[in-house]
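Let's take a walk through a protein together. Have a look at the picture first, and then we'll go from the whole chain down to single residues.

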Amino acid sequence: MKGSSKDSADVNNDELATATTVGDRRREGDRRKERDRRTEKRRHRGISDRRHAMSIEKITKFIVKTGGCNPEDVEPEAELEALGIDSLKAITLLFDIEEAYDIEIPNEIIPSIITVKDIQDKLADLSQ
């Protein structure tokens, strides 16, 4: 009898594990559908997904052009000042980014931009 009850418990555990996996798959599928729906809605309104376009690699090109540093030195945690971007060059850098992406960066957030990652984060916030 012990063997049969143990077998029954194993079957119940297997069914529970399968149900959890199926439930996880359904939730993941629902998340993907919602994300796809939002993306499609943006396209219909004519709004591009700028977050994808504002990668560290693209921001790096602006920083290298403005600051004259090596692309290898531009990392997400790198401070702009260490890359040769002083306050005047920072304004030029942000102006170039505004023009390239057709956005406006509010003057209030400019002092909070210290690192390369800060630029990416602020631009992502503005594009939402």
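Predicted model: local features only at pLDDT ≥ 70, side-chain atom pairs only at ≥ 80, totals over all residues.

Now for the chain as a whole. Of its 128 residues, 28% are buried. The chain exposes about 9400 Å², and carbon and sulfur atoms supply 50% of that area. And if you take the contacts between residues at least 6 apart in sequence, 55% of them join residues at least 24 apart.

Next, the inside. Which residues have the most contacts within the largest nonpolar core? They are I63, L80, L93, V116 and I119, in a core of 21 residues. Helices α3 (56–67), α4 and α5 each supply at least two residues of this core, and α4 gives the largest share, with 5 residues.

Let's zoom in on α3. With 12 residues at 1.5 Å a residue, α3 should span 16 Å, and its end C-alpha atoms are 15 Å apart, which agrees. The buried residues of this helix are I56, I59, T60, F62, I63, T66 and G67. Look down the axis of α3 and you'll see these buried residues fall within an arc of 165 degrees, so they line one face of the helix. Here's a handy rule for reading such a picture: an α-helix has 3.6 residues a turn, so residues three or four places apart point the same way. On the other side of α3, E57, K61 and K65 are exposed. And what covers the buried residues of α3? The cover includes α4 and α5. Just after this helix comes G68, with a positive phi of about 70 degrees.

The structure holds 1 aromatic pair, formed by F62 and Y101. A pair of aromatic rings is described by the distance of the centres and the angle of the planes. For F62 and Y101, the centres are 6.3 Å apart and the planes make an angle of 55 degrees, so the pair counts as tilted. The pair links distant parts of the chain, since F62 sits in helix α3 and Y101 in helix α4, 39 residues apart. Both F62 and Y101 are buried.

Is D96 buried or exposed? D96 has a relative accessible area of 19%, so it counts as buried, given that the cut-off is under 20%. You'll find D96 in helix α4 (residues 87–101). Setting aside neighbours within four places in sequence, D96 is in contact with F62, K65 and T66. Then there is D102, in the loop between α4 and α5 (116–126). At 65% relative accessibility, D102 counts as exposed. What about its backbone? Most residues other than glycine have a negative phi. D102, though not a glycine, has a positive phi of about 55 degrees.

Key. Residues numbered from 1 in each chain as written. Heavy atoms only, no water. Helix = DSSP H or I, 4+ residues; strand = E, 2+ residues; numbered from the N terminus. Buried < 20%, exposed > 50% of the residue type's maximum accessible area, 1.4 Å probe, protein only. Contact = heavy atoms within 4.5 Å. Core = buried A, V, L, I, M, F, W, Y, C linked by side-chain atoms within 4.5 Å. Phe/Tyr/Trp six-rings, centres within 6.5 Å; stacked < 30°, edge-to-face > 60°. Expected span 1.5 Å × (residues − 1). Arc of directions from axis to C-beta. Areas by Shrake-Rupley, 256 points an atom, 1.4 Å probe, with all protein chains shown as cover.
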